[in-house]
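Hi there,

Here is the structure I promised to pass on. Have a look at it first, and then read on for what turned up in it.

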Amino acid sequence: MEVKSYQDLNVTPRILLGPGPSMVSPRVLNAMSSPTIGHLDPEFLTLMKEVQDLLRFVFQTENELTVPISGTGSAGMEAALSNFIEPGDNVLVAVLGYFGERLYEMAGRYTDNVDRIERPWGEVFDPDEIKTALGQKKYKVLALVHAETSTGVLQKGIAEIAEAAHQQGTLLVMDTVTSLGGMPVEIDNWDVDVAFSATQKSMSGPPGLAPLTVSPRAREVLRNRTTPVGNWYFDLSLLEKYWGDERTYHHTAPINMNYGLRESLRLVAEEGLEERFARHRANAEMLWAGLEDLDLSLMVPEEYRLTTLTTPIVPPGVDALEVRQQLLNNYNLEIAGGFGPLVGKIWRIGLMGYSSRRENVLLLLAALREIFANR
Ligand SMILES: *Cc1c(COP(=O)(O)O)cnc(C)c1O
């Protein structure tokens, strides 16, 4: 059999202003091209400790069980749900959009008893609504999304929600995929039991790892399981032996991805969390003002708007997809459209990590101005 001779890879460096992946610092890409070594090499074991230490810093936690799960954000979600749900357990999912739907669907693979409460896409919960729902039944797990990437909303009141969950003996599982590294996420202060994220959003690495942190309370729940975890790959009772002191082989850690994550995390630490959040806010505010100058209104009210993802409403008569295509083809800029009930109705503009830069905002606004002027 013959195979065509393909050309050298020649990828156009895009300006990524979508909901992820975000742009990756050259420092991270350089780190990733370091030599691959064994997953039990003493040097790699040292690197694992450093990655865990840095992850605890971005999650603002002392949780010992803080690891990068091998896989994208959805792998983190799968780990966060599967380890704490046994068949027959009651689970409550608070759904605000597409990723809340995914939590609901995924939880249903591990138990038949998943209840949901929901708000229309673009809105958030009053913590009291969640508290009331928690009181209806004895739930093992409450799962929700902190920063909903399908709509651009931030669920507030996490500490209050966590407290209410704990009063009922319920664990809080939280998706911080779009918030971690771009907006405050305070796992210990808020007393969140399980949180997961992804490397390619506000942490600004390539996709491929999913940071996960687990509280001592949740570890106790894991230890008290009476059935094995419903999947083998994400079974934390096995994984914690590789990432803990025993260093027992479970699966081969994606070595070079971990080099990249270490560098992404080092960049976060160098910048400082407060400074990083302030940068995301300043650039988002510049974007919001610029979009409003272009007569675009923003779907989400400022009080619960993400600084990492902005969702302007597509004006009547404008083809959302065509504008995105023009941005990509003529300006080398990627933004995203809406999905589900918001297809064609909003754009999703991410300013995450390395993408959150003043010059990117200025370029996008200039491009949009030109596209609208030429219509
Ligand atoms: C992107 C995203 C995910 C899924 O992550 P993948 O890396 O695409 O698997 C989950 N939750 C939220 C909020 C996201 O934005």
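To start with the term for open spaces: on a 1 Å grid over the protein atoms alone, a pocket is an open set of points where a 1.4 Å probe fits, with protein on both sides within 12 Å along at least five of seven lines, and its lining residues have an atom within 4 Å of a point. Grid points are joined across faces, edges and corners, and a volume is the space filled by probe spheres set on the points. Please keep in mind that this is a predicted model, where local features need pLDDT of at least 70, side-chain atom pairs count only at pLDDT 80 or more, and totals for chains, interfaces and linings use all residues. Residues are numbered from 1 along each chain as its sequence is written, and side-chain values use heavy atoms, with hydrogens and water left out.

**The largest pocket**

The volume of the largest pocket is about 260 Å³. At least two lining residues come from each of helix 2 (42-59), strand 2 (65-70) and helix 9 (236-243); here helices (H or I, at least four residues) and strands (E, at least two) are DSSP runs, numbered from the N terminus. Helix 2 contributes the most, with 3 residues. Among the lining residues are K49, Q52, E64, W243 and R247. Sorted by class, the lining holds 3 nonpolar, 2 polar and 7 charged residues. For these classes, Ala, Val, Leu, Ile, Met, Phe, Trp, Tyr, Cys and Pro count as nonpolar, Asp, Glu, Lys and Arg as charged, and the others, Gly among them, as polar.

R247 is buried, because its relative accessible area is 15% (buried means under 20%, exposed over 50%, partly exposed in between, with a 1.4 Å probe and protein chains only).

**Around the ligand**

Which residues are closest to the ligand? They are T72, S74, T149, D175 and K201, in a shell of 13 residues that surround it (near means a heavy atom within 4 Å). An oxygen atom of the ligand is 2.6 Å from an N or O atom in the side chain of S74, and for K201 the corresponding distance is 2.7 Å. The protein buries 90% of the 380 Å² that the ligand exposes when taken alone; these areas come from the Shrake-Rupley method with a 1.4 Å probe. Helix 3 (73-82) and helix 4 (98-107) are the elements giving two or more residues to this shell. The shell divides into 4 nonpolar, 6 polar and 3 charged residues.

**A few other residues**

S82 also lies in helix 3. S82 counts as buried because its relative accessibility is 0%, and its side chain makes a polar contact of 3.3 Å with that of N231 (a pair of N or O atoms within 3.5 Å, one able to donate a hydrogen and the other to accept it; residues adjacent in sequence count only if both atoms are side-chain atoms).

Most residues other than glycine have a negative phi, and most peptide bonds are trans. The peptide bond from G20 to P21, however, is cis, with omega near 0°, and P21 sits in the loop between strand 1 and helix 1 (26-32). N332 has a positive phi, near 65°.

Enjoy exploring!
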